[in-house]
Amino acid sequence: MADAMVTGRMDAAKKSRGARVLSDAGLTASQAINLMYDRLVNEGSAVFLKEGDAPAADSARWTSAARFVDSLSASRSSRFDHMSKGDIRRERLASRGLM
């Protein structure tokens, strides 16, 4: 497979600071860009590149999931809660006119 070049423009100071961070992580700029493109292709989305967007969406999903889980444990009351099984059977038979 033939290699292709990707060109980007940024402030020289930002490039220098970024190169130090990548170097500390044992990466080159080319490796970092390849990793970013791999993720773009795999996820089919660039949401992870936008600061603040993904955490807010994750937070909303976690809140929704927590509400759902909490609703599962909410007790539901019925008129049968304090009856024995025999009482429940009699009540059901009576409601059908069988007693």
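Is R90 buried, partly exposed or exposed? I looked up the relative accessible area of R90 and found 43%, so R90 is partly exposed. I note at the start that the model is predicted.

**Entry 1: the overall fold**

I counted the elements of the protein and got four helices and zero strands. Along the sequence I read the pattern α-α-α-α. I then looked up how much of the protein is buried. Of the 99 residues, 2% are buried. The accessible surface comes to about 9,100 Å². Carbon and sulfur atoms account for 55% of that surface.

I went back to R90 and looked for a partner. The side chain of R90 meets the side chain of D87 in a salt bridge, with 2.7 Å from N to O. I recall the general point that side chains of opposite charge can pair when their charged atoms come close. I placed both R90 and D87 in helix α4, which covers residues 85–95. R90 and D87 are three residues apart, or about one turn of the helix. For D87 I found a relative accessibility of 33%, so D87 also counts as partly exposed.

How many salt bridges does the structure hold? I found two. Besides the pair R90 and D87, I noted a salt bridge between R39 and E43. The closest N and O atoms of R39 and E43 are 2.7 Å apart. I checked where R39 and E43 sit in the chain. They are four residues apart in helix α2, so about one helical turn separates R39 from E43. I looked up the accessibility of each. R39 has 39% and therefore counts as partly exposed. E43 has a relative accessible area of 45%, so E43 is partly exposed as well.

**Entry 2: a nonpolar patch**

Which residues form a nonpolar patch on the surface? I wrote down V6, I33 and Y37. Together these residues have about 250 Å² of accessible area. Y37 has a relative accessibility of 39%, so I list Y37 as partly exposed.

**Entry 3: what I keep from this**

I keep two salt bridges, one between R39 and E43 and one between R90 and D87. I also keep the nonpolar patch of V6, I33 and Y37.

How values were computed
Residues are numbered from 1 along each chain as its sequence is written. This is a predicted model: local features need pLDDT of at least 70, side-chain atom pairs count only at pLDDT 80 or more; totals for chains, interfaces and linings use all residues. Side-chain values use heavy atoms; hydrogens and water are left out. Patches are made of residues with over 30% relative accessible area and no salt bridge: like charges are joined within 9 Å, nonpolar side chains (Val, Leu, Ile, Met, Phe, Trp, Tyr) within 5 Å. Accessible areas come from the Shrake-Rupley method with a 1.4 Å probe; for residues, only the protein chains shown count as cover. A salt bridge is a side-chain nitrogen of Lys or Arg within 4 Å of a carboxyl oxygen of Asp or Glu. Buried means under 20% relative accessible area, exposed over 50%, partly exposed in between (1.4 Å probe, protein chains only). Helices (H or I, at least four residues) and strands (E, at least two) are DSSP runs, numbered from the N terminus.
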